[in-house]
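Dear colleague,

Please find below the structure that I am handing over to you. My notes on its salt bridges follow.

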Amino acid sequence: MLARSMLPSGGGFAVGPPGGGANGAGGYVTVDDLRVGGVVGVYGRDLTVYDVDEFTRGYFVKEKGRTLAEMAPRAVDDGARARKVAPVPPHDGIGSEEDSLRNCVSLVPRRPPKDVINFEKNDGRTLTFTAAHPPAPGTLSVDVDRRFVITYYLVDGTVSVYEPPMKNSGHVGGKFLERTFEPVKKPGSKTTAYGARDFYVGNTLVINSFAFTLLATDAATEKELKALGLA
């Protein structure tokens, strides 16, 4: 802000000719002009002295006869207003919620950091179930006979749904639901997502507005459930 130099007293800008003093005859700021709680003018800006270091405090007490009370720190009141934090808008369903949140907190959003420990522990681990649409009013019998393979990924809680092709079913089969960008939220909740404990034979899940009843699983999934303490 200011290089080491003589500071004109009064905080003005007018400086006289070399050797002629500052402000014509006002002189310069001296050590006697400095005091805790006082104001020092620096070329049009007023700076308040609110504290000094121990060496400076000892100097003023011993050499200038100041008291410790005079050299005590002063409370700082910069008049700053409390920062207003804009509310985070609800997720619009495009992309993952974590990605969308990063656009709200940074002008140049960066990729969310990954949990390396969780990745090393759960990468490649899945829970796989055979599922079907549960009988319900208005559900066609041809839809009740359809079968699906639901996969839950332990590494990030995402879900994918695959429909095996069935002859003469009227449905082509294939990917029914691409692996989601984020954990699937439970019906009626914007924060609570399905977890590993929600995947067990007999339970009904609502995924992408479709209801699925879990019918069976395989030996690998049963082993994973035992390892998780869920079986």
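By about how many helical turns are Arg 57 and Glu 54 separated in helix α1? The two residues are three apart in this helix, which separates them by about one helical turn. Please keep in mind that this is a predicted model.

The side chains of Arg 57 and Glu 54 form a salt bridge, with a distance of 2.9 Å from N to O. Side chains of opposite charge can pair when their charged atoms come close. Arg 57 is buried, at 11% relative accessibility, whereas Glu 54 is exposed, at 61%. Both residues also belong to a network with Asp 51, joined by salt bridges that share partners.

In total, the structure holds ten salt bridges. One of them is between Lys 64 and Asp 32, whose closest N and O atoms are 3.4 Å apart. Lys 64 lies in the loop between α1 (54–63) and α2 (97–105), and Asp 32 in the segment before β1 (39–42), so this pair ties together parts that are 32 residues apart in sequence. Lys 64 is partly exposed, at 33% relative accessibility, and Asp 32 is also partly exposed, at 42%.

Another salt bridge joins the side chains of Glu 163 and Arg 146, at 2.8 Å from N to O. This pair links distant parts of the chain: Glu 163 is in strand β5 (residues 159–163), while Arg 146 is in the loop between α4 (141–144) and β4 (148–153), 17 residues apart. Glu 163 is buried, with a relative accessible area of 7%, and Arg 146 is buried at 12%.

With kind regards

How values were computed:
Residues are numbered from 1 along each chain as its sequence is written. This is a predicted model: local features need pLDDT of at least 70, side-chain atom pairs count only at pLDDT 80 or more; totals for chains, interfaces and linings use all residues. Side-chain values use heavy atoms; hydrogens and water are left out. A salt bridge is a side-chain nitrogen of Lys or Arg within 4 Å of a carboxyl oxygen of Asp or Glu. Helices (H or I, at least four residues) and strands (E, at least two) are DSSP runs, numbered from the N terminus. Buried means under 20% relative accessible area, exposed over 50%, partly exposed in between (1.4 Å probe, protein chains only).
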